[in-house]
Each structure stands twice: as C-alpha cells, then as structure tokens.
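Let's walk through this chain together, from its overall build down to single side chains. Please keep the sequence and the 3D view side by side as you read.

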Amino acid sequence: MTLDVTDDPSLVREMALGGCTGVFIGFESLSDSNLANARKRTPRTEDYARRVRILHDHGIQVNGSFVLGFDEDRRDVFATTADWIEENRLECATFHILTPYPGTPLFHQMEREDRLLHKDWSRYDTAHVVFRPRHMSPEELEHGYGWIYQRLFSHESIWHRRPEDWRAVAPYLAMSYLYKRSNRFWHLLIKHDLVHTVWRPLVEWSRRRHLKYRARLATATERQTAPAASPGAIASAGV
C-alpha cells in the first residue's frame, strides 16, 4: 500500500479492526529531491515518521522498501537510512539498488549519459550495480547495499527496532530472526518436511494476539465515538 492511507487515521483504524497486521510500503528514498526526480507522488519525507507512527499506534507493522543509488544519494545515504529505520522502529526493511530497466526513461537517460556499465540483463536484478552513480563509485554503492542489510539484521538493530508494546516483542523477534538470520534452520525444516509443524504455532500465536488487540481497539473506538449524555438525560438519571 502507499503511505497516503495515513491521510485518514479512521481508515487505518478500520484496517486494523478488519485484521490488517502489517503493510509493505515503498518509501523509496528519504530525499524529496530523489522522489521528485523519479516522478513519485508521495507525502514529504519529513512527514514519514508521523505517518509510520499512525500505523504503529494501530498495531500495524511496517515493512519499508528503499532504493539506493539515486542521483542525489551520497556515501552517507546508507547510514542515514539505517538510522531513520531504527529510530522509527520499522519491523522490517528491504533494499534495492537503483536499476535502469531496458525500455524505461531511466534506461534511456543512463544510455545517453554513457553511464551504463554493461547490458548483461541477468544482473539487472536490483542486487547488482549496473550503472555509474553520480556521487559514488559502483563499488561503493554495492558495498553500501551489503552493509545496510548487515546492519539492519544485526542482533543490535533487531533489538533496537523492537515494538514499544511489550506484548508484540516476542512475535516480532521470532519474525525477524526467521526472516533473515535462519537460512540453515529453514533448509533443515524443508529437508525434513517440518515447515508446517514449526510455522503453524507461530502463526496461531500471532493470530490470537491480534484478536485480543483488535478487541481492545474496538472497545477504545466505541468509547471514543459514544455520544455524550445530554444535560436533560443526566438530570433525569439523578446524577
């Protein structure tokens, strides 16, 4: 979904009450200039944190997607992006190296500027640098891409990004470690046909927790929307 949904917090509340527990959002960049150059219509980046908070306040986890290597990106983009993700406690993040796909305006621009490194289409996969960035070397961009993944899925960063609600911490930790730090574990489960055996209790645990959360949210919503008693009704009740 797009971040625009947070324009209407009541809609976010209905999403949570309807069972939404997480969203994938393409933030793309923390630079307004990058977003404008990419012709991406999105809220201003200075408002990103407030909008993420709205989702978190309704028990909705955020998986943010970011593109690295825009023309306004410099060597500090990796640390700046990682700091922001940790500060705003995004439960998960994915990263992509800017890739000028054949036939796109970006590809034609890079071709005109003689910035394409090659046309080996098998490497046009957002995990390899296939062009010359404007403010760093191709090697620096590829190294930064690897570095930011290592940082965000380190023990320290996973713990730093834990939810403020203590009831959500254990499921979050399970998700974080199973998602990026447990390849050998997954291979073992697949090999012995144990994925369902292990995964189902975690899903059920998370489902029950969200059912309880939605019940609390529904009660809070009813209290907020309940009409105030009129003076006449108060008097007739003898209060």
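Is Cys20 buried, exposed or partly exposed? With a relative accessible area of 21%, Cys20 is partly exposed, where buried means under 20% relative accessible area, exposed over 50%, and partly exposed in between, using a 1.4 Å probe and protein chains only.

## Ground rules

The model is predicted: local features need pLDDT of at least 70, side-chain atom pairs count only at pLDDT 80 or more, and totals for chains, interfaces and linings use all residues. Residues are numbered from 1 along each chain as its sequence is written, and side-chain values use heavy atoms, with hydrogens and water left out.

## Overall build

The protein chain has eleven helices and three strands; these are DSSP runs, helices being H or I with at least four residues and strands E with at least two, numbered from the N terminus. Read from the N terminus, the order of elements is α-β-α-α-β-α-β-α-α-α-α-α-α-α. For 239 residues the globule rule gives 18 Å, and the radius of gyration is 22 Å, well over that value, so the protein chain is more spread out than a compact globule. Here the radius of gyration is taken over C-alpha atoms, and the globule rule is 2.2 Å times the number of residues to the power 0.38.

Along the principal axes, the C-alpha atoms of the protein chain fill a box of roughly 85 × 50 × 30 Å. Of its 239 residues, 37% count as buried. Taking contacts (heavy atoms within 4.5 Å) between residues at least 6 apart in sequence, 66% join residues at least 24 apart. The accessible surface of the protein chain is about 14,100 Å², and carbon and sulfur atoms account for 54% of it; areas come from the Shrake-Rupley method with a 1.4 Å probe, and for residues only the protein chains shown count as cover.

## Cysteines

How many disulfides does the structure hold? The count is zero, a disulfide being a pair of cysteine sulfur atoms within 2.5 Å. Back at Cys20, the nearest cysteine sulfur is that of Cys92, 15 Å away. Seen from Cys92, the closest cysteine sulfur is in Cys20, and 15 Å is too far for a bond. Cys92 is buried, at a relative accessible area of 6%.

## Salt bridges

Side chains of opposite charge can pair when their charged atoms come close. There are 20 salt bridges in the structure, each one a side-chain nitrogen of Lys or Arg within 4 Å of a carboxyl oxygen of Asp or Glu. In one of them, Asp7 pairs with Arg51, with 2.7 Å between the closest N and O atoms. Asp7 sits in the segment before α1 (9-17) and Arg51 in helix α3 (residues 48-57), so this pair ties together parts 44 residues apart in sequence. Asp7 counts as exposed at 52% relative accessibility, whereas Arg51 is buried at 8%.

Glu140 and Arg75 form another salt bridge, at 2.8 Å from N to O. Because Glu140 lies in helix α6 (residues 138-152) and Arg75 in the loop between β2 and α4 (77-87), the pair ties together parts that are 65 residues apart in sequence. Glu140 is partly exposed, with a relative accessible area of 30%, and Arg75 is exposed at 56%. Glu111 also bridges to Lys119, the closest N and O atoms being 2.7 Å apart. Both ends are partly exposed, Glu111 at 37% and Lys119 at 46%. Through shared partners, salt bridges join Asp7, Asp47, Arg50 and Arg51 into one network.

## A buried serine and a nonpolar patch

Which residues does Ser65 touch? Not counting residues up to four places away in sequence, Ser65 touches Phe24, Ile25, Gly26, Phe27, Glu28, Thr94 and His96. Ser65 lies in strand β2 (residues 61-68) and is buried, with a relative accessible area of 5%.

On the surface, Phe185, Leu194 and Val198 form a nonpolar patch with about 200 Å² of accessible area together. Patches are made of residues with over 30% relative accessible area and no salt bridge, joining like charges within 9 Å and nonpolar side chains (Val, Leu, Ile, Met, Phe, Trp, Tyr) within 5 Å. Leu194 belongs to the loop between α9 (183-191) and α10 (195-225), and at 35% relative accessibility it counts as partly exposed.
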